[in-house]
Amino acid sequence: MEKGMISLDQWSETSQAYFLSHFHADHTKGLSSKWNKGLIYCSPITAKLFPVKFPGFRVSLIRVLEVGSLHSIPLVSPSTGSQTIIQVTTIDAHHCPGAVMYLFRGEFGCVLFTGDFRWERTSERALMGKSMLLNALGGEKVDFLHLDNTYCNPSYSFPRREVIARQIVKIIASHPEHDVIIAINTLGKEDLLLHIASALNTKIWVWPERLQIMHVLGFFDVFTTNTSLTRIRAVPFYSFSVDTLEGLNTIRPTIGIMPSGLPWVVRPDSGNDPSRSSSLLVSYDISNCNTKGNHPQSEELSCVRKFHKYIYTLPYSDHSCFNEILEFVKLVQPLNIKGIVSSSSCCIDPRYHFRDLHGQDECNEPSIKKFQQQSEKFQQETLNTSPEKFVTKSSKGSHKIHTQLRTERSLRRKSGYLGLLMSRVSILRRRKRGVKILEVDIVD
């Protein structure tokens, strides 16, 4: 596809048509209420969220693409000046409300952009998405796959989200006298919260902006901003920290729950008592989680981690884990493949793992050898780096999760379609290629 025709989750370039996969912050950098560069194509749910996310946005610039339908969009070839038609089909990505994949076809061939997605093996929505995608392909091969490679490493293996949701309910139910805070983004994890509310027959507190989003999504009776109506609160990631939990526990008993595929672990700031830790850093391997579903009880219990006396972390992920990504690549059998998360610091490259499953146009032996050499170098650097060097203090002297993720960032690298914000904490993650560090919304 010629440059200047379309842009996917990229807002700094000049194009004839812009496509938004979903409304997480790392996919909207450069998009604002003052946008005037051109038409934006998106799903119906994403279109409804524009007035909330960007008040005053010109809705006349939004074009809604119904999920599962084929749409024809006339464009002009920059090289020839002649009109060309691209056909695009939107596919449910099952990542967060409104998230879709885009399948493009035209004179350039067949291109699939997944955006962020999670297709679990037994999910009905995933099965419908697969059927929709295969019908749209009609037996054609995907010439180029732009893949969500957030967790594209065999060490990442997550249970189904419904399994983790049940475990979270058990944790909450086992603390009947405690308040509960759950860390979430500004969009996403709605299914988890609805499951908790239904299982425990309770409302859930959310902050005002989040309540507005819930109402746009059609959830009117479950969520509230009245703290007296519930002991369960869903709070922004940036407000979730060990310091916050310790402060709340001076008022009344409170536990915190971090539902994320991103593996968090507590590292003490002084002494050997992990319960006194006040920062969360990445450092544990969750590949031991039982995800095969043969033993439901062990599947649920094996992935619960309590890294602080007040905090539970569970791998509830809205991104596909490695085996799910592998199944997806086998399903579409692309001739070429590229990860939408790309950084030399993280050594991310799905071609390394899937080079036997697609054509070799973009994946010759020298590039694989170079990738392996880089990987070994970064792993050795990680082993020689003391994690404590990267625990940093805020101006008030307290360690915060987002002090590390936001104020300690040292570089910004751009991938083909997405912006990737890296922090010094990323050095600790190089052995776990494929995880994104985000400025506002946290990897889930």
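This is a predicted model: local features need pLDDT of at least 70, side-chain atom pairs count only at pLDDT 80 or more; totals for chains, interfaces and linings use all residues.
Entry on strand β18. I looked up residues 311-314 and found both faces of this strand covered, with Ile-311 and Thr-313 buried on one side and Tyr-312 and Leu-314 buried on the other. I then turned to its pairing with strand β14 (residues 254-259), which runs parallel to β18 and is joined to it by four bridges; within this pairing, Ile-257 has Tyr-312 as its bridge partner.

Entry on Ser-123. I located this residue in the loop between β8 (109-113) and α2 (124-137), and I noted that Ser-123 is buried because its relative accessible area of 13% falls under 20%. A polar atom of the Ser-123 side chain lies 3.3 Å from the backbone nitrogen of Arg-125, and one lies 3.2 Å from the backbone nitrogen of Ala-126.

Entry on salt bridges. I counted 13 of them. One of these joins the side chains of Arg-161 and Asp-318 at 2.8 Å, N to O; since Arg-161 belongs to helix α3 (residues 161-173) and Asp-318 to the loop between β18 and α8 (322-332), the pair ties together parts 157 residues apart in sequence. Arg-161 is buried at 7% relative accessibility, and Asp-318 is buried at 2%.

I also found Asp-318 in a salt bridge with Lys-189 (3.2 Å, N to O), where Lys-189 sits in the loop between β10 and α4 (190-200), 129 residues apart from Asp-318. Both of these residues are buried. Through shared partners, salt bridges connect Arg-118, Glu-120, Arg-161, Lys-189, Asp-318 and Glu-324 in one network.

Key: Residues are numbered from 1 along each chain as its sequence is written. Side-chain values use heavy atoms; hydrogens and water are left out. Buried means under 20% relative accessible area, exposed over 50%, partly exposed in between (1.4 Å probe, protein chains only). Helices (H or I, at least four residues) and strands (E, at least two) are DSSP runs, numbered from the N terminus. Two strands pair if DSSP finds at least two bridges between them. A polar contact is a pair of N or O atoms within 3.5 Å; within protein, one must be able to donate a hydrogen and the other to accept it, and residues adjacent in sequence count only if both atoms are side-chain atoms. A salt bridge is a side-chain nitrogen of Lys or Arg within 4 Å of a carboxyl oxygen of Asp or Glu.
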